[in-house]
Amino acid sequence: MLFYRPRIKSFEGEVVYAQKARVASEIGLHARPAATVARAAQGFSDPVYLSLRGETVEAKSGLMIMTLGAACGDVVTVESTSEDAVRRVVELIETTISPL
């Protein structure tokens with residue numbers, strides 16, 4: 001379910017689209033899954049963020065995504081000013097991405 005939340009600090013008062021997603025990949029958001037998510041996020045001009053356990057990172061960087069340490073089954077929050085970006089990134093996170 002998509003929910004809306006204004007975030008003045010990060011998004012300068014714009015409407016933010018956010019959705020929670022459960023990590024489906026067996027290896028979590030590491031290496032290949034993180035790179036796949038980052039490539040998808042890079043396809044949008046809007047900023048895209050992932051949050052887990054109080055830490056938020058830019059989703060356009062695979063390295064930053066890996067710093068979250070998101071394991072299989074963890075629930076991350078995806079946020080962006082683009083509803084399409086949120087939907088695409090959530091779709092990838094909730095899909096099992098092969099490690100090889």
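This is a predicted model: local features need pLDDT of at least 70, side-chain atom pairs count only at pLDDT 80 or more; totals for chains, interfaces and linings use all residues.
**Start with the whole chain.** Colour by secondary structure and you will find four helices and five strands. Followed along the sequence, they run β-α-β-α-β-β-α-β-α. Of the 100 residues, 43% count as buried. If you show the surface, its accessible area comes to about 5,400 Å², with 53% belonging to carbon and sulfur atoms. For contacts with a separation of 6 or more, residues 24 or more positions apart account for 62%.

**Next, select helix H4, residues 83–93**. Show the side chains of Ala85, Val86, Val89, Val90, Leu92 and Ile93, the buried residues of this helix. Look down the axis of H4: these residues fall within an arc of 160°, so they line one face of the helix.

**Zoom in on Ile93.** Beyond its neighbours within four places in sequence, Ile93 is in contact with Ala21, Arg22, Val23, Ala24, Leu29, Val37, Leu50, Val76 and Val78.

**Move over to helix H2, residues 32–42**. Here the buried residues are Pro33, Ala34, Thr36, Val37, Ala38, Ala40 and Ala41. They pack against strand E3 (48–52), helix H3 (62–67) and H4.

**Finish in the core.** Which residues have the most contacts inside the largest nonpolar core? Select Leu29, Val37, Leu50, Ile65, Val78, Val89 and Ile93 to see them, within a core of 25 residues. E2, H2, E3, E5 and H4 each give two or more residues to this core, and the largest share, six residues, comes from H4.

Note on methods. Residues are numbered from 1 along each chain as its sequence is written. Side-chain values use heavy atoms; hydrogens and water are left out. Buried means under 20% relative accessible area, exposed over 50%, partly exposed in between (1.4 Å probe, protein chains only). Contact means heavy atoms within 4.5 Å. The arc is that of the directions from the helix axis to the C-beta atoms. A nonpolar core is a set of buried Ala, Val, Leu, Ile, Met, Phe, Trp, Tyr and Cys residues joined through side-chain atoms within 4.5 Å. Accessible areas come from the Shrake-Rupley method with a 1.4 Å probe; for residues, only the protein chains shown count as cover.
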